[in-house]
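Biologist: I would like to learn how to read a protein model feature by feature. Could you walk me through this one?

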Amino acid sequence: MSHGVRTQVAVTPQANEDIRRLDAATKNAVGDFVRRLRADRSNLALRLNLLREAGGNGRLFLAALDGSRMGLLLETEENRFSLLAVRVGPSAREELARLTVEINAVSGGVELVDQSEVSAHVVAMPVRPEPGPEPGTALERPSATETPSAPSDVGAAASTTAPAALPVPLFAPYEDEELVGLGVIASLLPALRRITDSRQLSTLLSHNLPGLTREVLLALHDGMEPSEVRRFITAPWRADEEIDPRDWARAARRPVSQVSTEDAAVLDALGDGFDAWRLFLHPEQHRLATASFKGSAKVTGGPGTGKTVVALHRVRHLVAQLPPGQTRPVLLTTYNTNLAADLKERLHRLGGDALVRRVDVKSVDQLAREVVEQHPSSVLGTPMGDEEAVALWHRVCAETGVFDFDADFLDSEFKHVILAQGCGTERLYLRAERRGRGVLQRAGRKQVWELVAKYRTFLDGPPRRTTYALIADEAARIEEHRMAKAAEQARYKEEHGGLDLIHREAGSGMWLKPRYHHIVVDEAQDLSASHWRMLRAMVAPGPNDIFLVGDAHQRIYSHQVVLGRLGISTPGRASRRLTLNYRTTREILGSAHGLVHGESFDDLDDGADTLDGYRSVLTGLAPQYWRAPDWETEMRAVATLLKERHERYGTPYSAMAVSVPDKAAVTQLAYTLACEPFLIPASEIGREGPRDTDTVRIGTMHRFKGLEFQRVFLAGVSEGLIPHQRIEAFRLSNPDRYRQEEQRARSLLFVAATRARDELVVSWHGRSSRYLPRHADHDAGRATSLLTGDSPPSDSNAA
Ligand SMILES: Nc1ncnc2c1ncn2[C@@H]1O[C@H](COP(=O)(O)OP(=O)(O)OP(=O)(O)O)[C@@H](O)[C@H]1O
């Protein structure tokens, strides 16, 4: 029988990784065991045997999960266990018994190392008493931190006397204390000290190591300075309190020591690697999802750093803090409909119906539209898409005979200056700020204003038309008015002794309240000023009002907005940045990073953002490059590669996507894929996102926003297409605009490239885009030889 208090069983991230690496039967065995242990810890059938005291207040137990599987458990308080590791087979008991378990000095997490396994697989060299570097073998200690007494100097002196044959340990430049201080688990040091090359390091990292140790070792190996490691890696993992290395009870309760604190979630998704984000958050992600902010908060970070994951957990946390009810007190919004649908689906995976029922999940444009539709005095025209809106500007220019501005410019000026700053009159527009948009003299502005008037006349129809930008502007106005009225009511109420004055409520139809308690925004970089004005007015300023995540490096639609000026201020610790990429391999990230390197980006406010510290711990293939003489050959080469990956490596078609430079190319490529000899099913990524069929997804780069695929093909990355040659018109006439267009084209390519989980293939015809790395041309395979079968298709098995 249980002892009255329910037995609790947590699963550590490393145990979860063990389970993920083993088969489905192990997952079931663990689930079953956890259930039985929870029900009755004294059940003899559990075969729970004390292995040893862990020191302090912890005890280690071995347990038989079933006939062939065993688990190592830590008991910290009566009726509280942590599953630390799982092994299968006849030597499971010995393997578990030899594990070293410790409390990480930085994170305070319960971690373990299998020293014998690590040593057996990794260490193939004799221990060297005196380390001394040889050129190209040991890590060079970054010069910024080099001191006369640094180990590298010791090594340099030693190298004159040491025999040349002995290789130098890779981490020789770093003292034990320094490594442990950065977060490396201490019991790994003996094995670590014997590693001499990158190959051994990658073998070491293929073992189930604690997350912080893995991150630190990779970063040092990549040449990151210890001070940067401390800042970008160690600090976010650091516990908020002093660590007692013998207080297992405290350590086991820390979020870093358990994959989820919710019993049901653990059992449900135990070992399910695909849904790892549901179970275990990086300490920084966890902090952000659960923190309490005085007002708004902002999270930036490169692609794949888990910003959306944080936003989803944040929503769950906020809902859990509110009293139960039937309303939808939290808004979760994003840029477009397909991203909103994806958010809803992921939110459901995180918290089921109960959570989704309490959250309004919709795109900002859908939200704006509803606001306008519901407003009694609004007459909503039929909304046009972006392309139609630009076409209408063409018509305005043609009919007025004014050709000084191109349609794209007018569209952008209207959206990002006139609507963004609420310029209802010419006078206001003449005074409007046009930061980063070049100079437009008074006469030019007057001309633009006349064109705007004509544009509005066209919109009024018949038939009556509108744009999403205008709807957002109208919605912002309605909401601001509503908020002002609510504030006035609140003032009135206060002045009259807090009484709900019936006649006033009746007069206004209702007692106005803010629409939401909390708002959470994903893809924040692409929302316009009107969107933000609307959102600001939908929630009362106060604790945890708006939580937004975004990345200016991925801005492909809107223009920069300064949130602080729109009443959304995120000072000090309310602005945070994530740096660990969970999606993309280091190899792909390295190339993608180059696309935006050297450009300057904002932090969604009036500061600058960088990708400093941005990294991944996943390894895989280097990006592949293919060049073709013409588009036709390039398409056929892409088809060949897709088919090969499907037939030879079993990649489902739906796990692969091809980005192309424009709409016409989508149709052309789909046609090529459908024809003999390829016969590859393909579908276009539409507004609603990818369809649920086993087809290769094709879309323009814009459509790739927020998605991810196992293998991504970027086709048509040719000079003249990326960036499009039409921007050359601005090179001399409007250098600011030219710079903006270049930046946007780079961001677009960056977004598309960072959608790849395992493999990135880049191809072009004619000359390669100037944005590709210099070595791309040199490394590129010839598409023609691929088609004639002269060149092996590719080496993509690892992906
Ligand atoms: N803590 C985590 N554990 C495991 N996987 C994670 C974790 N956080 C994020 N991921 C995974 O990393 C990938 C990227 O996450 P997410 O979409 O949240 O990133 P993002 O920063 O919003 O990306 P982008 O800006 O490129 O849209 C997803 O596959 C997600 O499941």
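**Reading strands, folds and a ligand shell**

Modeller: Let us start with a pair of strands: strand S20 (residues 624–628) and strand S25 pair in the parallel sense over 5 bridges. Strands here are DSSP runs of E with at least two residues, helices are runs of H or I with at least four residues, and both are numbered from the N terminus. Two strands count as paired if DSSP finds at least two bridges between them. Before we go on, this is a predicted model: local features need pLDDT of at least 70, side-chain atom pairs count only at pLDDT 80 or more, and totals for chains, interfaces and linings use all residues. Residues are numbered from 1 along each chain as its sequence is written.

Biologist: Which residue stands opposite Ala 628 in S25?

Modeller: In general, strands of a sheet pair through backbone hydrogen bonds, either parallel or antiparallel. Here, Ala 628 has His 765 of S25 opposite it. S25 is also joined to strand S24 (residues 709–714), again parallel, by 5 bridges, and in that pairing Phe 709 faces Ala 756 of S25.

Biologist: How many residues of S25 are buried?

Modeller: The test is a count: a residue is buried if 20 or more other C-beta atoms lie within 10 Å of its own, exposed if 12 or fewer, and partly exposed in between, with C-beta atoms placed from the backbone. For strand S25 (residues 756–765), 10 of the 10 residues are buried, so the strand is largely enclosed by the rest of the structure. Across the protein chain, buried residues make up 44% of the 799 residues.

Biologist: In what order do the strands of the open sheet of 5 strands run?

Modeller: The order is S1-S5-S4-S3-S2, with mixed pairing. Strand S1 (8–11) and strand S2 (49–55) stand at the edges with a single partner strand each, so one side of each is left without a neighbour in the sheet. From one strand to the next, the twist averages 30 degrees. Within this sheet, strand S4 (residues 69–77) and strand S5 (residues 80–88) run antiparallel and are joined by 8 bridges. Leu 74 stands opposite Ser 82 in S5.

Biologist: Which strands does helix H1 touch as it packs on the sheet?

Modeller: Contact means that the C-beta atoms of two residues, placed from the backbone, lie within 7 Å. For directions, axes are lines fitted to C-alpha atoms, for helices over the stretch in contact, and angles run from 0 to 180 degrees between N-to-C directions. Helix H1 (residues 13–21) touches S1 and S5, and its direction makes about 35 degrees with that of S5. Helix H2 (residues 24–39) also packs on the sheet, touching S1, strand S3 (58–64), S4 and S5, at about 150 degrees to the direction of S5.

Biologist: What is the phi of Leu 604, and is Leu 604 buried or exposed?

Modeller: As background, most residues other than glycine have a negative phi, and most peptide bonds are trans. Leu 604 has a positive phi of about 70 degrees although it is not a glycine, and it lies in the loop between strand S17 (601–602) and strand S18 (608–609). Leu 604 is buried, with 28 other C-beta atoms within 10 Å. Leu 679, with a positive phi of about 50 degrees, is exposed, with 10 other C-beta atoms within 10 Å. Leu 679 is found in the loop between H27 and S22.

Biologist: How many residues surround the ligand, and which are the closest?

Modeller: A residue is near a molecule if its C-beta atom, placed from the backbone, lies within 6 Å of it. The ligand is surrounded by 21 residues, the closest being Pro 303, Gly 306, Lys 307, Thr 308 and Tyr 582. Helix H13 (276–279) and helix H15 (307–321) are the elements that give two or more residues to this shell, and H15 gives the most, with 3 residues.
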